[in-house]
Amino acid sequence: MENIEYRTFDGSHNNKTNPQWGKAGTPLRRITTPSYGDGISTLAQRGESDINPRSISNRLCKQDHPNFNQNGLSDFTWAWGQFLDHEMDLSDINDSDSADIDVPSGDEQLPGGGRIPFNRSVFDPTSGESVGTPREQTNVLSSYIDASNVYGSNILRASALRAFDGTGRLKTSKGPEGEFLPYNIAGLPNAELPGTVSSSLFIAGDIRANEHAVLTSMHTLFMREHNRLCLEIIAHDPGLLGDDETIYQQARKIVGGLMQAVT
């Protein structure tokens with residue numbers, strides 16, 4: 001492949017020797033041995049001493065322990081962590097492979113008990129056949145810190161987010177406090193609850209931008225930063241006005257570097 005000036009959207013060709021490393025659509029990298037029940041694909045069987053995952057979630061979210069955070073870190077730490085996570089990995093959900101979570105007794109938010117709906121991830125169909133080839137999950141995102149949560153991990157989503165008005169800017173919607181993320185008018189894939197009208201939700205480079213207000217604010221912040229940079233690039237070199245691709249790619253390159261620097 002010839003030399004390219006800007007990163008691909010799907011993460012390919014970041015590594016010259018192994019151009020497919022980190023590419024969207026390839027298996028997530030496994031860094032430890034699998035703990036499937038049968039060593040191949042079935043869920044691990046929890047023992048009596050194991051803690052219910054809902055109990056772990058409740059404990060972490062309650063934050064009532066006096067020594068919960070000895071470093072005095074602000075909430076921005078977890079906000080950045082989730083924003084960064086949504087930049088590097090995502091596996092699609094297999095709607096036919098249920099793994100519901102039991103609600104533990106004494107749950108304050110769900111006192112009625114029952115089960116929390118949960119499904120396993122889609123896996124690489126060439127895996128999960130034997131102990132030598134255990135089930136492997138596919139990453140639908142670029143695994144690099146390349147601001148794919150702002151721009152998308154494929155050309156279709158990346159194009160849908162762009163204004164294409166000659167300034168390199170990303171699309172926005174108008175709000176009382178400035179420019180917000182655009183709405184999903186095109187009906188692209190977006191994480192949403194059943195019965196939700198897709199066009200009523202924001203759209204960003206990652207499908208989980210509407211998950212909660214803090215995450216939405218992070219996406220909004222970086223969309224605005226991209227658009228601010230576009231205007232700065234034009235101010236520095238007015239001759240670029242109208243060259244939408246160059247302005248867009250230069251701003252994208254800076255935003256990707258900013259995310260790496262913050263991390």
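This is a predicted model: local features need pLDDT of at least 70, side-chain atom pairs count only at pLDDT 80 or more; totals for chains, interfaces and linings use all residues.
Student: Which residue forms a salt bridge with Arg162?
Tutor: Residues are numbered from 1 along each chain as its sequence is written, and side-chain values use heavy atoms, leaving out hydrogens and water. A salt bridge puts a side-chain nitrogen of Lys or Arg within 4 Å of a carboxyl oxygen of Asp or Glu. Here the closest N and O atoms are 2.9 Å apart, and the partner of Arg162 is Asp244.

Student: How many residues apart are Arg162 and Asp244?
Tutor: Helices (H or I, at least four residues) and strands (E, at least two) are DSSP runs, numbered from the N terminus. Arg162 sits in the loop between helix 4 (155–160) and strand 7 (173–175), while Asp244 is in helix 6. The pair links distant parts of the chain, and the separation is 82 residues.

Student: Are Arg162 and Asp244 buried or exposed?
Tutor: Buried means under 20% relative accessible area, exposed over 50%, partly exposed in between (1.4 Å probe, protein chains only). By that scale, both Arg162 and Asp244 are buried.

Student: Which residue is linked with Arg162 and Asp244 in a network of salt bridges?
Tutor: The structure holds 11 salt bridges. Arg162 and Asp244 belong to a network that also includes Glu245.

Student: How many residues apart in sequence are Arg169 and Glu179?
Tutor: Their side chains meet in a salt bridge, with N to O at 2.8 Å. Arg169 lies in the loop between helix 4 and strand 7, and Glu179 in strand 8 (residues 178–180), so the pair ties together parts whose separation is 10 residues.

Student: Which side chain makes a polar contact with the side chain of Gln137?
Tutor: Gln137 is in the loop between strand 5 (119–121) and strand 6 (138–139). A polar contact pairs N or O atoms within 3.5 Å; within protein, one must be able to donate a hydrogen and the other to accept it, and residues adjacent in sequence count only if both atoms are side-chain atoms. At 3.3 Å, the partner is Tyr36.
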